[in-house]
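User: I would like to learn how to read a few features of a protein model. Could we go through them in turn?
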Amino acid sequence: MADPTTLIVVIEDEPQIRRFVRVALEAEQYTVIEAATGTQGLMDVGTRRPDLLIVDLGLPDMDGIDVIQDIRSWSNLPILILSARTNEAHKVKALDVGADDYLTKPFGIPELLARVRALLRRSVRAHTDDVPSVRFGDVEVNLVLRTVTRNGEVVHLTSIEYRLLAQLITNAERVLTHGALLRDVWGPHHADKIHYLRVYMSNLRHKLEHDPNAPRYILTASGVGYRLVLS
Ligand code: CA
């Protein structure tokens, strides 16, 4: 059960989805504030300072992308977007302007709660954790020494593999889009070379995952990008 002081704002114009999300979150002891428009939601985020925002991309009064951009100009609060299956480009844009993760409608309660927990964990870690090393599975990565070990044995990564891994680690639990990863690791002129990513992610999985074909940590966000989960 969550701490009841954990506050979540939900911006969604469809009453039945808003209610579904609120009931699911309240059952876990989160405190929920509902907003039916972008304008109301922005006001709630500004005045109530929630721990997490859930925002639908299709709102009656403004685009969800503009809500995210507005909030990102002054806040790092975790943002989970709700999006329709039919609008992949919109979802990718929302992630590129600073949303952390997404749920595609229709979604179930376990999926919703798992995403919420992961984003809240990430945000707590970002505030409290100065330790330069990160563990997942039997892998330990030290971001200061730039060393990677697996069961205590050194794993040799190429410089591109290491840079990709470091991006995933510093953004753990977030979805990183193909475009964002390509720009950060290869540079601005390679943002369309998704095949590079497939090759290097496959290499990383072979070096770091127990079963590279059924990865537990370096996950694919289908059609969108990749996500590292730490637990
Ligand atoms: Ca909507």
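User: Is strand β4 enclosed or open, and how many of the six residues of β4 are buried?

Analyst: A residue counts as buried under 20% relative accessible area, exposed over 50%, and partly exposed in between (1.4 Å probe, protein chains only). Strands here are DSSP runs of E with at least two residues, and helices are runs of H or I with at least four, numbered from the N terminus. Strand β4 covers residues 79-84, and five of its six residues are buried, so the rest of the structure largely encloses β4. This is a predicted model, in which local features need pLDDT of at least 70 and side-chain atom pairs count only at pLDDT 80 or more, while totals for chains, interfaces and linings use all residues. Residues are numbered from 1 along each chain as its sequence is written, and side-chain values use heavy atoms, with hydrogens and water left out.

User: Which strands pair with β4?

Analyst: Two strands pair if DSSP finds at least two bridges between them. Strand β3 (residues 52-56) runs parallel to β4 and is joined to it by four bridges; Ile54 has Leu80 of β4 as its bridge partner. On β5 (residues 101-105), five bridges are found to β4, again in a parallel pairing. There, Ile81 stands opposite Tyr102.

User: How does the chain get from β4 to β5?

Analyst: It crosses through helix α4 (residues 88-96), and this β-α-β crossover is right-handed. Right-handed means that, with the strands pointing away from the viewer, the path from the first strand over the helix to the second runs clockwise. β3, helix α3 (residues 64-72) and β4 also make a right-handed β-α-β unit.

User: What are the domains, and how far apart are their C-alpha centres?

Analyst: Domain bounds come from an automatic or database domain assignment. That assignment gives domain 1 (7-128) and domain 2 (133-228), with C-alpha centres 26 Å apart. Their contact (heavy atoms within 4.5 Å) takes 16 residues from domain 1 and 14 residues from domain 2.

User: How many salt bridges cross the interface of domain 1 and domain 2?

Analyst: A salt bridge is a side-chain nitrogen of Lys or Arg within 4 Å of a carboxyl oxygen of Asp or Glu. The rule finds four across the interface of domain 1 and domain 2. Elsewhere in our reading list is the pair Arg227 and Asp101, whose side chains meet in a salt bridge at 2.5 Å, N to O.

User: Where is Glu28 found?

Analyst: Glu28 is in the loop between α1 (15-26) and β2 (31-35). Glu28 is partly exposed, at 22% relative accessible area.
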